Amino acid sequence: MRSKFLLLTGVLMLAFTGCGTEGDSSSDANSGNVVDDSAESESTVEDGSADAESEGADDSADAESEDAEGEDSSDAESESTEGEGSEDAKSEGVMTYDEYMAAALDSEVVIETYVQAKQAWWEDKATVYTQDKDGGYFLYNLTCSEEDYAKLTPGTKIKVTGYKTEWSGEVEVAEGGTFEIMDGSYIAEAEDVTSLLGTDDLIKHQNKFVSFKGMTVEAAGQDDDGNDVAFLYKYDGSGQDGDDLYFNVSLDGQTYTFTVESYLCDNTTDVYAAVKALNVGDKIDMEGFLYWYEGVNPHITSVTAAN
């Protein structure tokens, strides 16, 4: 990846985020005591009438209380629904995902999006994978202090201003973009795009968090003895443990190259170990970010045996 060419040996790198991996009760009024003495019958009638009025008043109060509770519940449900519906509402002057994609290259863009994972930070620059409910955004070398970088945890909502560019097919917000942290949180579920491999529709999901199911591991190259191997350190096999891992997987006769980006998932992560343990012919499921480099080149964050 291009960041490998840009970073100099010895530059402090921070690499990250986890690759691996909530009936109303009412009391009836007591009836007045009935006195057998006929001389007191009038008093009894009056007492009974008073009790009836009291009971009616209590029932009316209970009904009003139930109505009020119902209104409160309705209001609460309404607020909850509004909260869910407005979670991804855009602020004034902020582009929707469609508007962002329609914007010309090298034009200024303003987006609101949510951190999904962080790739790297160095010298006040951060590279971040983000997404809203409509699409993904790759933020390359965003202007960011180390202190603010620590705040960019998965789900964090940010407003980003920068310039839209393209590099070898990858659409991104270019180096030098700025951001501010906002209220709100969203973590995307992996979208299965297996059936879109080899189609023109796949690129419409670029930079999203996605999954691939039931793919077959193919040879990535050969070792010094001429034996097929399932992965390479760096794209040409010239690397060593800790570098990016490249591996090939196939579906319906077509083979694709996937990557474990070592700044995103280093050699201490589960996915790095899982790829190193692959054998040619294994059937696997994967998750990761739909990165693009001269064609589809997903940055994989999870590899498991296919069901």
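Buried here means under 20% relative accessible area, exposed means over 50%, and partly exposed lies in between (1.4 Å probe, protein chains only). This is a predicted model in which local features need pLDDT of at least 70 and side-chain atom pairs count only at pLDDT 80 or more, whereas totals for chains, interfaces and linings use all residues. Residues are numbered from 1 along each chain as its sequence is written, and side-chain values use heavy atoms, with hydrogens and water left out.

**View A. The aromatic pair of Phe138 and Tyr291.** Rings of Phe, Tyr and Trp (its six-membered ring) pair if their centres lie within 6.5 Å, and planes under 30 degrees apart count as stacked, over 60 as edge-to-face and the rest as tilted. Tyr291 is buried at a relative accessible area of 3%, and Phe138 is likewise buried, at 2%. Their rings are edge-to-face, 5.3 Å centre to centre with 75° between the planes.

**View B. The aromatic pair of Tyr114 and Tyr186.** The ring centres are 5.5 Å apart and the planes stand at 65°, so this pair is edge-to-face. Tyr114 is buried, with a relative accessible area of 0%, while Tyr186 is partly exposed, at 22%.

**View C. Lysines over tyrosine rings.** A charge sits over a ring if NZ of Lys or CZ of Arg is within 6 Å of the ring centre and within 35 degrees of the ring normal. Lys118 lies over the face of Tyr149 at 4.2 Å from the ring centre, and Lys164 lies over that of Tyr100 at 5.4 Å.
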